[in-house]
Structure formats: structure tokens, C-alpha cells
Amino acid sequence: MRPHICVIQFPGVNCEYETARALETAGLDASIVRWNAPAGSLSDYDGFILPGGFSYQDRVRAGAVAAGEDVMGVLIEQAALGKPIVGICNGAQVLVESGLVPGIGAQSIDLALAPNKGMGRDGYYANWVFVRVASEPRRSAITYGFKKGDVLPIPIAHGEGRFTSSEAGLFDTLEKSGQVILKYCTSDGGVAAGFPDDPNGSERSAAAISNPQGNVVAMMPHPERSTWLRQVPDGLDSVWSRKRTESRGSWDDLESGGPGAGIFESIKTHIEERV
Amino acid sequence: MTIQVLVKLAAIDPWSFTVLDTLKRKFGCDEVTHVERVKCWELEFRPEAAERAAGITAGLLRDTVLLANPNRDRWVIRGFPGEGVPAGFWERSGDAAEAYIVKVTDKEDLAGQSLARILTSRLGISDIEVVSFSTIWVIEMKGEGRRSRDLAGEIAVARAWRKGFLANPHCQDAEVYPADEYFAAEVNRA
């Protein structure tokens, strides 16, 4: 039986359908479920995705209003059972604002996803970037299919994606415990020294951070926009781009897995091995 | 010398309704009766430019939409001796016993820095040293006394799930004041 993932649809999200398609392509079943579904109807799912978009129009602060919803209370309980809960972009903001990530205290809010900085202006930024897998493969629900050090081209699109904290030493702790799962990097996997390799000024160039158990992950990049090879643009300094260029004329090749497919395949493996 | 421009929507503000609804339904703050959002620009003029401050600010509001949009917003300018908030911009609702403001400012005020850059590099205005931007949330409550003050403080800073809301302390600062006092106070106190 295929694991069944619940894609939570808050008002204002806009990536739920492509996220569900990416999950199905990876061999999972996916249902898009409204945020106000009865709490009891959610516990049968094997995992949860909070997709990208603009929940509640980013009012007050991105993710802050959605984080207060009853469904997040359900996710806090489900996270404790070890089920994977992955927030993508706005979903990551919701997980951070609810305290599920980094999840060190009892839902204490230890992080922020602050406005982007470093690009010479404030505001929204959308582009393809490179991320490096910074943790061991089995450390988190999204990295089973990768090796530490793997480099993926992947799109980002956000105005508030800078992982930061006012708690001194928090990022040392997160790095030591392997909770910094993905890091922005150069195309060859080198350290992102600044914009545009590090597109938002994130502490330690963090692109994805997990809870201590690794089953809850807040990631700013959009794997559902790089799930199929046809989504990868020509011209990136990446084997994926070259592969895409060579695939012209072959629909089957273009429909094959892109760099983000492994994220969803990892969620499937995580469920099969751990939940 | 600091000039403060307080801006709010001329029409009903849906953000304020979202905050009110969230506070009442999700945070159990039944005492909260009304919420308003006010954008707050603070323009710090060089001392030698004090006499030009009023004219420059009026010009920015008249000729640009950098601080406010006349089709959408209304505003007051504060910062001159004796100037509080004119009647009609904010008045406590009849059913509110107390009102507090929560002033939220990003620790790295990129909006303020961005406007400062525009003023200098694009408009050639060199009389303004610093621009800062904050969001002021006016929280009206039917409770009184210490409980209201404590509640305003609790609402101000998000510390844990459903404990605090308006500012994330890892990227924002929050200041809490009684609304009457804040709006009556002179911006440039000696």
C-alpha cells in the first residue's frame, strides 16, 4: 500500500496541486485537505506537507497566522509520532512560527524566517539556486535519497527566507546536531559567500532546517518545481541542466526525475523505514 | 529632529480583522475588542535641516507614494511641538476600557534602509540621516488595569505556539505603550 500524504491547504497557498503531483510521482498517495478539516480526520495520514504560497496573504508576518490554527496542534501531535512533516517555503515559515522547527523547546519559537537581505534591495527574490546536502542521508525525512555533499539546483521564490535567531549559539547547536539539512552553495558545492549563491543572507547559508528527530523539516526551496527534468532550465552550471538540454525531443526523458524528485522519494523511504 | 508619518488605510483594513480574529479565536483573547494597524515612518533629519523638515515631508507625501498613497491611505504628520494625533485619526472605541499599542520594528530595518537609499540616490534628498519603519498595532480591550497591560505584552511577542503573536523576537523588536499616552506624546521630547 502506498503511503498517504496530507497536503494542508491553508487559505492563500498556491503550490498544493503541483506538490501533490510530485508526491504521486514519487510513489505516494496525496490528498489536498483544507486547513479546517476535523482534527480527527487527519491522524490516519502517514505524513504531511505544508506547501508554498502566501497563507493568509502573509498578514502580520509570513506564516504567523496559519501557525496559530488548530491544525498545527494536530501536527504537533503527529510530529511526536515520528511522521514526516515537511514545510516548503511558506510551509517552512509556518513550521518555524509554530515552534515545530527547530523544535528544541516545547514549541518554543527559537528561529525566524526574516526578510531577505544581501541583494542590494529588499523584497522578493525568485531564481534557481544551488543547495548542498549538509547532513547524513538518514538524518532527515527529505535526504534518504542523497549523499552528504550532493549538490542540487532548485528554485526559490520568497521575500522572507533568511533563517536567523537572536539566541547566541543556536546555529552552532543546530549544525552540531545535524539539523541544518540543506545549505545554499555555489554550483560546485562550495561555500556560498554571499548573494546570489546565498540568496537571502541566511545564517550558515541554511536552506532547510529540521527538528532534532529529523522528521519535521522546514525548507525554503521548492522541490515540486524541480521534480521533473523538463522543469530544469538550460544554462545552469549543472549536470542537470546539461541532461535537460540533451533530452530535447524525448518526452520520456523530459518527464524523468529532476533534482527535486529525490526529496519526495526520501519522504516515501522515511515512512517505509520509520513510521 | 524626527518627523513621524503615521499612515493607515482609508478603507477597512483586512489585516486588522485577521489579527482581531486570530487573537480571539486562536489565542483566547476575548478581552480584545478592536485592532487597528498603522504604518509608522520616522524620518530623522539632520539638525541643520530642521526648518526644511516640514516642507520636505509634505513634498514626499504630495509628489510621491513612498510614504503613503493618497488613493488608498490617510495619514498624519507628527514631530512639531504641540502636535499630537489629530482627532479622527485614532480614537478609542466606546466599548474599549483600555488601548495599548504594540510597535513592531524589524531588527534589520530593510524597509527603512531601502527608503533612505531611494531618498538619497534617486531623489537627491540629503537632509534625512535615518529612515525607520515600524508597524503599530493598536489593541483595544474591554478589560482594565494590570490584566490589560499584561495581555498587551503577551500578545506582543511570539514566544511559543499560541503564546504571543505580533513580533517574532528573533527578527523583530516590540515596544508596548498605552495608546493614549503614545499618541499624545511629542515625537521630539527634549
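A salt bridge, as I use the term today, is a side-chain nitrogen of Lys or Arg within 4 Å of a carboxyl oxygen of Asp or Glu. Take Lys148(A) and Glu136(A): they form a salt bridge in which the closest N and O atoms are 3.9 Å apart.

Some housekeeping. This is a predicted model, where local features need pLDDT of at least 70 and side-chain atom pairs count only at pLDDT 80 or more, while totals for chains, interfaces and linings use all residues. Residues are numbered from 1 along each chain as its sequence is written, chains are lettered from A and ligands numbered from 1 in the order in which they are written, and side-chain values use heavy atoms, with hydrogens and water left out.

When I say helix or strand, I mean a DSSP run, H or I with at least four residues for helices and E with at least two for strands, numbered from the N terminus. Buried means under 20% relative accessible area, exposed means over 50%, and partly exposed is in between, with a 1.4 Å probe and protein chains only.

Salt bridges, then. Over all chains the count comes to 31 salt bridges. In chain A, Asp29(A) and Arg2(A) meet through their side chains in a salt bridge, 2.9 Å from N to O. This pair links distant parts of the chain, 27 residues apart: Asp29(A) is in strand 2 (residues 29–34) of chain A, and Arg2(A) is in the segment before strand 1 (4–9) of chain A. Asp29(A) counts as partly exposed because its relative accessibility is 30%. Arg2(A) is also partly exposed, at 37%.

Back to the opening pair. Glu136(A) is partly exposed, with a relative accessible area of 47%.

Is Arg248(A) buried or exposed? Arg248(A) is exposed, with a relative accessible area of 52%, and Asp234(A) is partly exposed at 36%.

There is also a network of salt bridges, which links Glu69(A) and Asp70(A) with Asp21(B), Arg25(B), Lys26(B) and Arg162(B).

One residue in chain A before I move on. Asn90(A) lies in helix 4 (residues 90–97) of chain A and counts as buried, at 0% relative accessibility. Contact here means heavy atoms within 4.5 Å. Leaving aside neighbours within four places in sequence, Asn90(A) is in contact with residues including Val13(A), Pro51(A), Phe54(A), Asp58(A) and Ala62(A).

Now the sheet in chain B. Two strands pair if DSSP finds at least two bridges between them. Six strands form an open sheet in the order 3-1-2-5-4-6, and the pairing is antiparallel. Strand 3 (73–78) and strand 6 of chain B stand at the edges with a single partner strand each, so one side of each is left without a neighbour in the sheet.

Strand 2 (residues 32–45) of chain B pairs with strand 5 of chain B over 13 bridges, in the antiparallel sense. Within that, Glu44(B) stands opposite Val130(B) in strand 5.

Strand 4 (residues 98–106) of chain B is mostly covered, with eight of its nine residues buried. On strand 5 (residues 128–141) of chain B, strand 4 pairs over seven antiparallel bridges, and there the bridge partner of Val102(B) is Trp137(B). With strand 6 (residues 172–178) of chain B, strand 4 again pairs antiparallel over seven bridges; Tyr100(B) stands opposite Pro178(B).

Axes are lines fitted to C-alpha atoms, for helices over the stretch in contact, and angles run from 0 to 180 degrees between N-to-C directions. Helix 4 (residues 145–156) of chain B lies across strand 2, strand 4, strand 5 and strand 6 of chain B, at about 20° to strand 4.

Last, helix 3 (residues 110–122) of chain B. Which of its residues are buried? They are Leu110(B), Gly112(B), Ser114(B), Leu115(B) and Leu119(B). What covers them includes strand 8 (162–164) of chain A, together with strand 2, helix 2 and strand 5 of chain B. Just after helix 3, Gly124(B) takes a positive phi of about 70°.
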